[in-house]
Amino acid sequence: MFVRRHVLVLSLGGLSALAACTSTSAIPGAQLAPGHVVNVQPQTRSLLTESSQRWMVSYITTSHAGQNTVVQGLIDVPKTPPPAGGYPVVSWGTGTTGVAPQCAPSLAAAPSRLEFQNLLLKQGYAVLRTDYEGWGAFAGRPDLEGRSNAYAMADLVTAAHALPIQLSNEWIAAGHSQGGGASIWVASMKERTPSYPLKAAVALAPTGPGVLKFLNDVADGQPV
């Protein structure tokens, strides 16, 4: 059981590479509460070797423009039985893998940081991994949009509790690069998931919108 809220930032000295992918179209948001499950699809296989069962869910979250939109996420549970109170939950924010539909983490052939997610599963955590706004089946992606990325991570926790899984109400936000930046945003949104208290945020080499100015300044020969 988690006992208090922490924010941990680990700088790994690197930035995620932006894949040569471009988004194509947007999807209008449904007028439903954030975290509302639109669709659930049990998955027969997972790239996470420590996963015993996986679901793909489509659910409602909030866009960068403050409107309802739909995103997809994956939910993996450990091979071990749930402890009293349910599996502790980690909502994982992935780094950038590209912005076209086929670049979405839920569809990628080799998503980033699989070894870290496998370690979490082996230690008994349920691992939730969202696509951010506009990724996957729902193109029109704003890149490095920390607030909407954080909404997607938090709202997947609400969506996961609608599934027939024994989950703890307490959860941790963790992520790498763009997902690390989103985890820091999650830590600032105390009231986003009032029924599911956030107990910690772990940011690995976090990046955010400021990295775009950094890259532009480097390209233009400006001081950085």
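These legends go with close-up views of a predicted model.

**View 1. S63 sits in a loop between two strands.**
Start at the loop that links β3 (51-62) to β4 (68-78), and you'll find S63 there.

**View 2. Who does S63 touch?**
Leaving out residues up to four places away in sequence, S63 is in contact with T69, E133 and S148. Take a look at S148: it is 85 residues from S63 along the chain, yet the C-alpha atoms of the two are 5.4 Å apart.

**View 3. The largest nonpolar core has 33 residues.**
Look for I75, L128, I165 and W171, the members that touch the most other members. Elements giving two or more residues to this core are β3, β4, β5 (87-93), β6 (126-130), α2 (146-160), β7 (167-176) and α3 (178-188). Which element gives the most? That's α2, with nine residues. If you're wondering about the general idea, nonpolar side chains tend to be buried together in soluble globular proteins.

**View 4. Another core lies apart from the largest one.**
This one has 13 residues, and L48, L120, V202 and L204 are among them.

**View 5. Helix α3 is largely enclosed by the rest of the structure.**
Why say that about α3? Because eight of its eleven residues are buried. To pick them out in α3, find Q178, G179, G180, G181, A182, S183, V186 and A187.

Note on methods
Residues numbered from 1 in each chain as written. Predicted model: local features only at pLDDT ≥ 70, side-chain atom pairs only at ≥ 80, totals over all residues. Heavy atoms only, no water. Helix = DSSP H or I, 4+ residues; strand = E, 2+ residues; numbered from the N terminus. Contact = heavy atoms within 4.5 Å. Core = buried A, V, L, I, M, F, W, Y, C linked by side-chain atoms within 4.5 Å. Buried < 20%, exposed > 50% of the residue type's maximum accessible area, 1.4 Å probe, protein only.
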